[in-house]
Amino acid sequence: MTTANENAVAKYKNNFLKEVEATVEEGHWVKMCMQCGVCAGSCPFGPHWEHSPQKIFMMIRAGKREEVLKSDSMWMCTSCYNCMVRCPRELPITHIMHGLANYAYRLGLSPKGQPNQAIAKLFWDSALKYGRVNELKFSLAMYFRDGFVQGVKNALAMQSVGLGLVKAGRLNPMEIISGHTCKDTSGIHKMIAKAREIEDRRRGLA
Amino acid sequence: MTASIATNQTILVVGGGIAGMTAALEAAECGKQVILAEKTPTLGGRTSLLYRYFPKMCHPTCGLEINLRRLRGNPNVRVMTMTEVAAVTGSRGNYAVTLKVKPRYVTENCTACGDCGNAVSAEIPNPANYGMDKIKAAYLPHGMAYPQRFVIDPSIAATPEGEKAKAACKVDAVDLGMQEETLELTVGSVVWATGWRPYDANKIQPYGYDRYANVITSLEFERLADPRGPTGGKLLRPSDGKEAKNIAFIQCAGSRDENHLRHCSRICCMATLKQTQYVREALGDAGKSTIYYIDIRAIDRFEDFYQNVQKDATVSFIKSKVARIALNEENNSPILHGVDTEGYHRYASEHDLVVLAVGMEPEVTGVKLPDDIILDSSNFIEGSKTEGMFGAGSASSPLDVNRSVQSATAAAMRAVQVIHKTASTEAA
Ligand SMILES: Cc1cc2nc3c(=O)[nH]c(=O)nc-3n(C[C@H](O)[C@H](O)[C@H](O)COP(=O)(O)OP(=O)(O)OC[C@H]3O[C@@H](n4cnc5c(N)ncnc54)[C@H](O)[C@@H]3O)c2cc1C
Ligand code: SF4
Ligand code: SF4
């Protein structure tokens, strides 16, 4: 059986821009970038990651498929939207960055162990399972993802924040036992399965 | 001025900049009757507020002088200053126009001796220098003003200051009782040569024009370079009056940007290339100009101008649209942040002064125009539905002086055709 990645390579040959346009959310905007550099200079994290949006978009057009999909830059985006509101060409940059991250993940190319990716996955797993995010289980899973000892350390370090959330009614300690779900979890599971099926077919990931 | 004698054989030209003057003269020299209505107290428009103009780096006097001489010698043009068009109705060959004439408080008797200006002490921000300095409230708009007639600012007309001006005038040209007048005319065709205005730099939030004294516009820089400007031609920083030696120019400030003006303003690349030569003229090898740009658009035959500037060692080019400007609090110098496209290097560069090459937006943006007028997506005038009104010069597209003049000549010829056709249908 061929993988989704092999299928994509075979289908789009060396035309990575075309691939992005067909498979990445808002990917059809990439060709509109005029390489002015405003997004790169506006990103608060700019100095700390390797590929700014400007650079990613140029790399896509230059066919640097592996480098783009394996980059951890898309995972560093905090969704501050600074780039997006300033882009003179109105590219939905933030959405494209998330779209690329998602596509890379689905192809199995995204960098393993990238912390933001791990968090995103925990978040979604929780949401998909319960129909809502169980904040407590989500936080604990996050703390303990690097093993028990580190988990205890993390939990202690975050203690005051956690207590604050409990006081404000934002975090319910009882959730660890029952954890309320939405009314019809199996209905949610079916909806999501269907949505995924449609999406995968459209993006050639089926 | 005698009673109006406009008919449907008359052409109205709105706006007395280089384009309006040209359109009026071309039509008048074909024997047509023309009314040239200008809303400010003088003809000349924005060209007269440039220090020099590309490509030949001549002073605006030379272009304007020729046109003024043609104008003085031509009885077919009636010039009306301080006059705005309030309404236009009708269609090709027959327009009813309402004009509003503001009081100048000075009559045609004025000899421009300046006694009134010397007599008053009240001052107003100088419109010819974009308010960077002050002038007396009884003033001549600028050295090239046409007509050469003083203006009394409405703020002093009804005050003892106004009376001082009146008392000082030896030829009794000051008339403080003047009122705003409304005139109704019939004309056959209208040429809109209403020109452009700079895009409001305050709206470009990340550049801090509203917050930082040493971030100025390209228009203000023209005035700094001009010996008749607020600094007598010295390139001084607004914050501390020190000489600015290391000057940054930011291209496309408000242009080519869906958040601001979506069009390329076309002249600002050339304007900046020109302004680097002001820096050289003022400071020689000690001056330093840095141009931050997306791409340089030195339209067609100006490519050689660009190449010459590229050879100038005091000028450097950085391919990058600046993302934001911060301030060095100690010396008030702006620090430019961004990433350059040739190599993706991140920079934080300090300059003494930043000049924003602001975009051109049509002066009529936000103004109620006749329903008949067709505008493009940036509010430039494309024409009118019944083809009796035309855009000319920078009102029709972001154009330099040379192309404004060409466009105005074309518009004048179209207006003349309208008049001819109206005359022949009426004769038949
Ligand atoms: C920084 C800068 C530098 C430039 N340098 C150069 C250069 O070196 N060389 C060059 O070729 N070009 C240059 N330009 C472009 C030049 O300024 C324009 O090409 C020129 O001003 C166009 O003339 P115009 O008559 O079309 O418009 P304007 O000069 O804008 O004249 C329009 C006139 O219409 C009047 N008006 C407006 N609305 C009304 C109304 N409703 N009723 C009555 N009157 C009205 C205005 O008061 C004005 O007098 C520069 C532009 C900028 C921004
Ligand atoms: S701001 Fe927009 S046009 Fe400029 S480089 Fe970034 S994505 Fe491209
Ligand atoms: S002429 Fe140059 S500075 Fe002006 S909008 Fe066009 S590209 Fe930008």
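This is a predicted model: local features need pLDDT of at least 70, side-chain atom pairs count only at pLDDT 80 or more; totals for chains, interfaces and linings use all residues.

Biologist: What holds strands of a sheet together?

Modeller: In general, strands of a sheet pair through backbone hydrogen bonds, either parallel or antiparallel. In the present case, G338(B) stands opposite Y347(B) in β19(B).

Biologist: In what order do the strands of this open sheet lie?

Modeller: The order is β17-β18-β19 in chain B, three strands with antiparallel pairing. β17 (324–328) and β19 (346–350) of chain B each have a single partner strand, so they stand at the edges, and one side of each is left without a neighbour in the sheet. From one strand to the next, the twist averages 25 degrees.

Biologist: Let us turn to the two chains. How many residues does the contact take from each chain?

Modeller: Chain A gives 19 residues and chain B gives 16 residues. The area buried between chain A and chain B is about 1,500 Å², and carbon and sulfur atoms give 52% of that area.

Biologist: How many salt bridges and how many residue pairs in polar contact are counted between chain A and chain B?

Modeller: The count of salt bridges between chain A and chain B is zero, whereas nine residue pairs are in polar contact, both residues being at pLDDT 80 or more.

Biologist: Which elements of chain A give two or more residues to the side that touches chain B?

Modeller: They are α3 (38–42), α4 (53–61) and α7 (82–86) of chain A. The largest share, four residues, comes from α3(A). By type, the residues on this side of chain A divide into nine nonpolar, six polar and four charged.

Conventions:
Residues are numbered from 1 along each chain as its sequence is written. Chains are lettered from A and ligands numbered from 1 in the order in which they are written. Side-chain values use heavy atoms; hydrogens and water are left out. Two strands pair if DSSP finds at least two bridges between them. Axes are lines fitted to C-alpha atoms, for helices over the stretch in contact, and angles run from 0 to 180 degrees between N-to-C directions. Contact means heavy atoms within 4.5 Å. Buried area is the accessible area (1.4 Å probe) that two parts lose on being put together, summed over both. A salt bridge is a side-chain nitrogen of Lys or Arg within 4 Å of a carboxyl oxygen of Asp or Glu. A polar contact is a pair of N or O atoms within 3.5 Å; within protein, one must be able to donate a hydrogen and the other to accept it, and residues adjacent in sequence count only if both atoms are side-chain atoms. Ala, Val, Leu, Ile, Met, Phe, Trp, Tyr, Cys and Pro count as nonpolar, Asp, Glu, Lys and Arg as charged, and the others, Gly among them, as polar.
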